[in-house]
Amino acid sequence: MKEYKLDLSSTDPIKFHNYATRCIGTGRLGLALRQEYLDQLSYIQKNIGFEYIRGHGLFAEDIGIYQEYEDDSGKVHAEYNFTYLDQIMDNYKRIGIKPFLELGFMPQRLGSGTNSVFYWKGNITPPADESKWVELIQKTLIHLKKRYGKGVVDWPIEIWNEPNIDQFWKDADMKAYFRLFEITFSAIKDVDPNFKVGGPAICGVDDKRWLSNFIEFCEKKKLKLDFISRHFYTVDSSQIEGHYRYPNLRDADESLNELSVSRQIINDSNYSTKLPMYVTEFNTSYNPDAPLHDTVRNAVYVAYLLSRMGETSDVYSYWTFGDVFEEKGIPFTPFYGGFGLVANHSIPKPTYWTFKFFNSLKGRCILKNDSLIVMQRDDGMLVGIMWNSSSTVKKVQLTMPDGVGQSSIITQTIDEDHGNPLKIWHALGEPASLDSSMIQLLKRSAVPSVSTKLINRNNISINAGPNSLIYFQVQSETDNSDRGFDYGKLI
């Protein structure tokens, strides 16, 4: 058992930047027209609450913003249809989340080629006519400002997605992306210089060279960036079986070093070291068919990431909030290794609780290490999270020299037998279709175990079983609720 002494009188709190709920990812924006999607997002916002939401496909064909028509003389003109965009943004506003705008992909009619990505054919080529692309960007932003007011300038804007791999940008052509970034950046700032614009939204492929060259390009062109963005995934190669991938998790510290290197590249540039770094996508696996995403193991691993990512990044956006997602086509089963915090039918996965627990970490940090965070809230209550990725029980004891009298400790635990609907689904025979009774059973299984006990306030013991995540709160004992009530006589 490890013992930690808590000094509640210290005026020098431990640094812990908790930005877990600043942004969340989503499947392509066109999915926001579906009821199941909206149900899941409403559930997430009601129970956790994220500030921004980011996804692909703003200019995809299923939203249909960019249109063309031919006049009587045969000349082609552009026109813009914001019907579906308005419905999506209205839904976000109603649910209580703001867009983080990713500008992509290329409308088919504007593309210089037909190269595409995903089941829904997002065009990944540069514009055939730069002036038409610039006009599309400006018309869209002007429309959003007119409809939603001056607060739109606080919606961050990211230019494209992962241009450093040819899956998302034709030939991963750095020069062509830098040109796209330059004209798009200028177009946005011409509409309103207060828009917050950044990039290059790279993934971890050749990331050092891309980031260094991108910053050098922006300095040369005098583009005053508002943030630098990149993505972050923490697995190596994957074994493939049928529809599924089984990746190997990297050592978490080894993965986090990628972010430290990116942060240092920014700090070493001529930009102010205060230029924020936004991780606009992160998860363990970068594939939406990795059952790892649905596991307790994922929840525990992500807890450690959340405890550290604020050291380098001002935004880190988990990819994604829900499992209405179709990059590789329509999923076959309710648990298919999707990125989401909730499975379809709004069934919470274990990692949902990681974010819900971190959202409860308020106040000042009084203890932080590689498996434990303890906070003291303004009202004096202690709250914390403990995680254990090992196969053995981990025990800690928290002591306070000034602890007097009794307190109560309430713990919520996620482990293989609690808050793990994947295990119940497996025991049901892994049905591809769920009836109403199965859905209710899975929802009942998707909550933590809860335990309470009276303790001596200067001696707080917490035991985390193998592969588990625990949220706890310690509060002073309350007065008896009524004269004569004695629980001890009932047991």
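This is a predicted model: local features need pLDDT of at least 70, side-chain atom pairs count only at pLDDT 80 or more; totals for chains, interfaces and linings use all residues.
Is T413 buried or exposed? T413 turns out to be buried, since its relative accessible area is 13% (buried means under 20%, exposed over 50%, and partly exposed in between, using a 1.4 Å probe and protein chains only). Residues are numbered from 1 along each chain as its sequence is written, and side-chain values use heavy atoms, with hydrogens and water left out.

T413 sits in strand β22 (strands are DSSP runs of E with at least two residues, helices are runs of H or I with at least four, and both are numbered from the N terminus). Setting aside neighbours within four places in sequence, T413 is in contact with H418, P448, S449, L469 and I470 (contact means heavy atoms within 4.5 Å).

Strand β22 belongs to an open sheet of 6 strands, ordered β18-β19-β20-β25-β22-β23, with antiparallel pairing (two strands pair if DSSP finds at least two bridges between them). Strands of a sheet pair through backbone hydrogen bonds, in either a parallel or an antiparallel way. At the edges are β18 (364-368) and β23 (449-456), and each of them pairs on one side only. On average, neighbouring strands here are turned by 20° against each other, direction ignored (axes are lines fitted to C-alpha atoms, for helices over the stretch in contact, and angles run from 0 to 180 degrees between N-to-C directions). Strand β22 (residues 406-414) is joined to β23 by 8 bridges, and the two run antiparallel. Within this pair, S408 has L454 in β23 as its bridge partner.

Now for β20, another strand of the sheet. Because 7 of its 7 residues are buried, β20 is largely enclosed by the rest of the structure. In a regular strand, side chains alternate between the two faces of the sheet. In β20, L382, G384, M386 and N388 point one way, while V383, I385 and W387 point the other way, and all are buried. Strand β20 pairs with β19 in the antiparallel sense over 5 bridges, and V374 stands opposite G384 in β20. The hairpin of β19 and β20 has 5 residues between the strands, and G380 there takes a positive phi near 95°. Strand β20 is also joined to β25 by 7 bridges, again running antiparallel, with N388 opposite S468 in β25. Helix α7 (residues 296-308) lies across β18, β19 (372-376), β20 (382-388), β22 and β25 (468-476), and runs at about 125° to β20.

Elsewhere, two helices pack against each other: α5 (residues 207-220) and α6 (residues 252-267) meet at an angle of about 20°, with their axes 10 Å apart. That angle makes α5 roughly parallel to α6 (under 35 degrees counts as roughly parallel, over 145 as roughly antiparallel, 65 to 115 as roughly perpendicular, and the rest as oblique). On one side of the contact are D207, K208, L211, S212 and I215 in α5, which meet E258, V261, S262, I265 and I266 in α6.

Finally, Y246 is found in strand β13 (residues 244-249). Y246 counts as partly exposed because its relative accessibility is 38%. Not counting residues up to four places away in sequence, Y246 touches S238, Q239, E241 and P291.
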